[in-house]
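Hello,

Here is the structure I promised to pass on. My notes follow below it.

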Amino acid sequence: MRIVVLVKQVPSTDKVKMDEKTGTMVRSAMEAELNPLDLYAVEEAVRVKEKIAGTEITVISMGPPNATYAIREAIAMGCDKGVLLSDKVFSGADTWATARTLSSGLEKLGQFDLIFSGERATDGETGQVGPSVAAQLDMPALTYVSKIREIGDGRIVVERAVEEGHEVVESSLPAMVSVVKEINEPRMPNLMGKIRARKTEVTVMTAQDVGLDSSKAGLTGSPTRVVKVFYPSLSRNGTIVDGKDPEKTVEKLLQFLKDKALV
Amino acid sequence: MKTSEGKFQGVWTLGEQRDGEISSVSYELLAWGRELADKRGTTLASVILGHNIKEKAESLVHHGADIVYVVDHPGLEHFAPDVHAAILEKLVREFMPEIFIASATTYGRTVMPVLAAKVETGLTADCTELDIDQETGLLIQTRPAIGGNVMATIKTPDHRPQMSTVRPRSKKPLAKDESRKGKIIVKEYPDELYVSKVKFIEFIKDETTALPIQEAEIIVSGGKGLKDVKNFTLVHELADLLNGSVGASRQAVDMGWIPYSHQVGLSGKTVSPRLYISAGISGAVQHIAGMSSADVVVAINNDPDAAIFKVCDFGIVGDALEILPVLIERLRERKTINVKGES
């Protein structure tokens, strides 16, 4: 089975801090990591590989040259190959252009049975790239997958975590599967994995390599335009009370809630 | 599709149904749609795909739609992403709406990216604010990223339809008006269009009757400060009393006190209830990212320096294990009194 995992390098979530003065969140642009929600996609791909002999996993990402770091993290967990789509013309891409670029790369790399992605990236938080890639490659988009019940013989049975419960569906392969956090517990890479990750060559492909017209890539190829970005202050000047006397404190709280028409 | 491909007009909303019942998010979306259509001086249409749904279409008119496009077929009973997107593509290409919005539910967030890829247009995820630019008539889409610490305003200048998904509960539905009249257009397609690669097997309904946290009006969240899974029942009790849903910090989820679907924060769910009560949560920035858009925040924590107090409207510096039982008791008393008062 040929599996691909779509990953993204994001600013490190551990580095997010709140600016004391403005009440806005600041992240250090210097520190980057593999999108935490992609770890679950990588882990699930590796579990499929452990179950089905002859499975090969390719990790693919679109990003700046240093995004090989995120790809190596995935290789350290058990993926086999890494591909980075990196080109100046890719920058500024919205989800549509990103999906287009990834799809072009995947078409160049041949046929895949299964495409995994995380639920969304913790920076952009759209969750649109996975389903969009599925559409471009004419595969069904199985989103919010919380469990793979069965896989093999050209088919997959999954549970999808939706609003009021879990929907169980069967799909033919190839298919795109985006996973949610409850699907597994991602492993820590072991020493062997880390060594392999360091030694594995990550293939870097440009727009020309994937045969993508630059008018379809990056900002130029993006239907959407960000026209304004602003940082709302999150601080509220709330009333803070001492809770030493629970009875009195609860009275105050109930009064507060009553004033707000909440009880 | 490019603006040059023809005349695009009208605002569309994507209706949702489960088991032949129209979901409430469909009506919230119509409130957004009505506002946009009026500002743009155009009609509002709603699209609903399902099976045995025809008779229900009228209620979309009662909630603000001028036109309802209905596709009713056994093949649409369950959500098949490929078939739903293919039908929507047919509709969009035939009627060419200028704006098409859906709820940012698992349905909307799955089918809309597929549709946007097929019709080659932009899609803005999880918007909290929509407006019409007075000068250009373009849709102005505002969305939070990184859990709300950055807000971005986005436009789709040259592609149509301009599409977005809209966060549930970001607007109240319009009052139902049964005297409203509208046009119901039932569309039929050849059977082969309904053949999906995805087959529905079963639906396992959550045992809880509480709303998923993304849709809840009231959320009571618990964290590490509760010390033990046994104490976490206090959070459940309080949520039940308030008819709310239960949330949790990442630590509480990681310790296995509650499933992941309840996690609030950057790697969990983003919530925007009317009331958010946090108990024993210090307020890591990743948690705050997921709840900062709540209307009213109440925080209970024993550390006066906890970050959660910066983002709360009412903070109690104290032990949640002492406060919660008293609060629960008081609310129970009030409930009993109310019930007695009614009888």
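Of the 263 residues in chain A, 52% are buried. Buried here means 20 or more other C-beta atoms within 10 Å of the residue's own, exposed means 12 or fewer, and partly exposed lies in between, with C-beta atoms placed from the backbone.

Conventions next. This is a predicted model, in which local features need pLDDT of at least 70 and side-chain atom pairs count only at pLDDT 80 or more, while totals for chains, interfaces and linings use all residues. Residues are numbered from 1 along each chain as its sequence is written, and chains are lettered from A and ligands numbered from 1 in the order in which they are written.

**Chain A overall**

Chain A has seven helices and 15 strands. These are DSSP runs numbered from the N terminus: H or I of at least four residues for helices, E of at least two for strands. The C-alpha trace spans about 70 × 40 × 40 Å along its principal axes.

**Cores**

The largest nonpolar core has 129 residues. Such a core is a set of buried Ala, Val, Leu, Ile, Met, Phe, Trp, Tyr and Cys residues joined through C-beta atoms within 7 Å. A:V5, A:A45, A:A74, A:C79 and A:I115 have the most contacts inside it. Take A:A45: leaving aside neighbours within four places in sequence, A:A45 is in contact with A:I3, A:V5, A:I57, A:C79 and A:F116. Contact means C-beta atoms, placed from the backbone, within 7 Å. A second, separate core has 55 residues, including B:I146 and B:L327.

**Helices**

α2(A), residues 68-76, is mostly covered, with eight of its nine residues buried. Among them are A:R72 and A:E73. Just after α2(A), A:G78 takes a positive phi of about 135 degrees.

α3(A) (residues 95-109) and α4(A) (residues 129-136) pack at about 50 degrees, axes 9 Å apart. Axes are lines fitted to C-alpha atoms, for helices over the stretch in contact, and angles run from 0 to 180 degrees between N-to-C directions. The pair is therefore oblique: under 35 degrees is roughly parallel, over 145 roughly antiparallel, 65 to 115 roughly perpendicular, and the rest oblique. Residues making the contact include A:W96 and A:L102 of α3(A) and A:V133 of α4(A).

**Interface**

The contact takes 73 residues from chain B and 72 from chain A. On the side of chain B that touches chain A, strand β13 (residues 198-205) of chain B gives the largest share, eight residues.

Best wishes

Terms used:
Contact = placed C-beta atoms within 7 Å.
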